[in-house]
Amino acid sequence: MDANICRIDDFGPLPVVQPASVAELSDIVRGAALQDQAIYPYGGRTMLDHGLPPTRPGIAVDLRGLTQVIEYPARDMTITVQAGITLAKLGELLRPENQRLPIDVPDADRATLGGALATNVSGPRRLGHGTLRDYVIGITVVNDEGHEAKAGGRVVKNVAGYDLCKLYIGALGTLGIISQVTLKLRPLADEQALVILTCEPHAVAALLDALHRSRTRPVCLELLNDAAVAALNVQHPGLLPDAPRVLIVGYEEKRETVAWQVQQLIAELPAGTLKSLESRVGSTADPLWQWLVEFPAWSGALLTFKANLLPGATAEFFAKAADLPEGLALQAHAGSGIVLGHATDALTLERARAMLAVLEPIATAAQGNIVLRRCPTAWKATLPVWGKPREDLWLMRAVRQQLDPKERFNPGRFLV
Amino acid sequence: MTAPLLKRLRDLLGPDALLTAPSDLLVYECDGFTIEKNTPDVVVFPTSTEQVVAVVKACNDFGVPFLPRGAGTSLAGGCLPVGGGVMIALTRMKRILEVNYRERYAVVEPGVVNLWLTNHLKPHGWHYAPDPSSQGACTIGGNVATNSGGPHTLKYGVTVNHVLGVELVLPDGRVVRTGGPAEDNPGYDLTGVIVGSEGTFGIATKTWVRITRNPEAYRTLLGVFETVADATNTISELIGAGIVPAALEMLDSLILQAVEAAFHFGFPLDAGAVLIMEVDGLEAGLGDEAERIIAIAKKNKAREVRRANTDAERLLLWKCRKQAFGAVGRLAPSYCTQDGVVPRTKLPHILNEIQRIGTKYQLRICNVFHAGDGNIHPILLFDERDADQTKRVLAASHEILEECVRVGGSVTGEHGIGVEKIDFMSKLFTPEDLGVMLRLRNAFNPNNRCSPAKMLPTAGACIEASKAGRRAAL
């Protein structure tokens, strides 16, 4: 892609500006306001096809110039950085202090912190460590008038003012451009392990229930179907055993605690339901961890959906999705009720519509929803990209009407 | 307050569900922040969402302000009825509506007392993680309003980290449900911003909370230190070493006197400070972690580190900590608790400053606080019948909080802004920051009829209402 122009969902070309400072970013927003232009912020462009196509001409703002580390008081276990920093770079800064932000972000060497926040990225470790909303303690945005506006602060506990941090996370940049963030950090784990179980499809529900009752406390509980395993083994031959269903249970803790949990889990598992069992401890688990983090953004997919469900409904949804004729590659963060489905080139718009017609009622019955993370632009006009509208949509619109009344930011792209 | 509104409220709720006699209203003139007081015109006790809606609509029809109240344990005047009006007491909405262990959530009404939920879950091995010291009295609705913390939030997070969704009666009487028991619903995280909005966005009539499995084991340690500095250095080193205790609480010598007199735990009365240090989780590896903590405490000149050997001993230690505020009555007739936050490495500095400020204003100040979060609770002792002392308490409080802000902290970690700290908002935030917050409030509460004069300063404006807004002690 040309550095000076940008297309979002075939809309454009949009001229690109890259501010080198927050002051420049403010000027850009004010300038756009004067000319009544829309603004499309972006970071590493890893999630740019998320959402609907733009509806108004405007400018694209590349935030990768905002990479300063404002303050890293490691002993306080917080860091304040500009939002254009990549997650990989952030990890490099934290590692020498034995610290981390325990959020899984695919394409970390390209994905920016601001982009991850705007799209509320999460991955396998969310079961044990939560999501971005649990780590952002302060945030600054450049608002629709070009002013810097902050919320929160730099201390780990703070209830002064409205907690706008929560509102900006997952708002796809529609309420302001995130320019600076203060994060609460965690120590790196001493040890890690992945226990890999394989089974027949019919055994999944009982296994997940057993894992829910386990004395062990997994930080991740991933479920893959055969198509996902096949996609993985094409890229990394032999990384996982070929099986109809693979469950991966992850632990991160003190060495002794991890060792105990692996043994305990093996002892707890119901006899006769497993086809195979294997554990990978320490760095031998790294390649599989990495793949579990990356696969939600699998580039081989024509269409990717994300369903959110009551965790206990994961097995049923997964089974129904796996039985569809599309041959979906499925990955579930099963402890959190999140299912990601990837369809390949064989999918047509008609089939996509039919597939969603089957899956959406299951998701809504499980008090959740199903959104499209990626699909061909032409399909977005007729598919429910942001899922089934919920009853609080009008209140979300009222919030946007207040904070971005001219719909300056990402017009048309979000559900609000 | 007009007679027609009173009649309508009585018709809606029945005669047993409202209070109007001045002697009855006195109970509702303040919360745990007693320096400012004002009685509501009427207190109503709805028992359902429908009744809350009906009350809110009636208030709108008559143009009267209203505000929700739980148990009134908040410490910043969050439920002070500024300008009078209708106080909607939610204590009769006290049902636990649903508990679902497989899906790890519960649905509660706002008047459910925090500890009731944990007690309800206990036989199944689960609990509700946020544990404010007032958890035996405070309600979950109040916790949602103030985004309450507690000792164990160091590891487990504050209220907002455990709230999955709410049913909210908006200030115009519409009802909306945000979030829900499934995570990651598409759209804005309205739930996240409703929590901690101190009743200014509406009245939460149902809350979906996350429930948490009990830890399998605990190690609860009591570190005894000659000086406050040794204790704070220990805190700093523990955090720096990457140990995330479940709780890390400090009590200084003055509060120890009061707590010991009240509970006879056996605290060493000649110690400068003690730290309650607790780690929890699986049994495997927990012993080692406790040993690491003991080593760090000893390295920082701990006189001794005691272990709670039995569950009963552990519970008594926590009772001492959580009811410390109650024991303060032994030290002085009145007290004012502050709620500043500093970066954890600034704890030694702020405690020195508190001592200096206490000397300057000739006040006794004791400290009992969430050390691991950097959330201080200096307790300023005084006699509210003495106007000069009261004045000095306010000045000293102000100076402590200013210093918290100066070193990069905040004026409230868990008690809220309420009316007490409203003047600090413009010190913590720029006009642009506050402008965005005001716009957000306008989305929920455009007429500012619900919990007026809270959270956001109204630049120079006086509060127009039926009577004097705030009756200060001065």
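Tutor: The questions below concern a predicted model, first within one chain and then between two chains.

Student: Which domains does the assignment give for chain A?


Tutor: The assignment places residues 5-62 of chain A in one domain and residues 69-187 in another. Residues 189-376 make up a further domain. In order, they are domain 1, domain 2 and domain 3.

Student: How many residues does domain 1 of chain A bring to its contact with domain 2 of chain A?

Tutor: The centres of these two domains, taken over C-alpha atoms, are 21 Å apart. On the side of domain 2 of chain A, 17 residues take part in the contact. Domain 1 of chain A brings 14 residues.

Student: Which element gives the most residues to the side of domain 1 of chain A that touches domain 2 of chain A?

Tutor: Two elements of chain A, α1 (22-34) and β3 (38-42), each supply at least two residues of that side. The largest contribution is six residues, and it comes from α1(A).

Student: How many salt bridges are counted between domain 1 of chain A and domain 2 of chain A?

Tutor: The two domains bury about 1,200 Å² between them, with 68% of it on carbon and sulfur atoms. Three residue pairs are in polar contact across this interface. For salt bridges, the count is zero.

Student: What area is buried between chain B and chain A?

Tutor: This contact takes 90 residues from chain B and 81 residues from chain A. Carbon and sulfur atoms give 55% of the buried area. The total is about 7,100 Å².

Student: How far apart are the closest N and O atoms of Asp189(B) and Arg133(A)?

Tutor: Between chain B and chain A, twelve salt bridges are counted. Asp189(B) and Arg133(A) form a salt bridge because their closest N and O atoms lie inside the 4 Å cut-off. The separation is 2.9 Å.

Student: Which helix gives the largest share of the side of chain B that touches chain A?

Tutor: Several elements of chain B each supply at least two residues of that side, including β10 (175-179), α8 (228-240) and α16 (431-444). The side divides into 37 nonpolar, 31 polar and 22 charged residues. The largest share, ten residues, comes from α16(B).

Methods. Residues numbered from 1 in each chain as written. Chains lettered and ligands numbered in written order. Predicted model: local features only at pLDDT ≥ 70, side-chain atom pairs only at ≥ 80, totals over all residues. Heavy atoms only, no water. Domains from an automatic or database assignment. Contact = heavy atoms within 4.5 Å. Buried area = accessible area lost by both parts, 1.4 Å probe. Salt bridge = Lys/Arg side-chain N within 4 Å of Asp/Glu carboxyl O. Polar contact = N/O pair within 3.5 Å; in protein donor to acceptor, adjacent residues only side chain to side chain. Helix = DSSP H or I, 4+ residues; strand = E, 2+ residues; numbered from the N terminus. Nonpolar A, V, L, I, M, F, W, Y, C, P; charged D, E, K, R; others polar.
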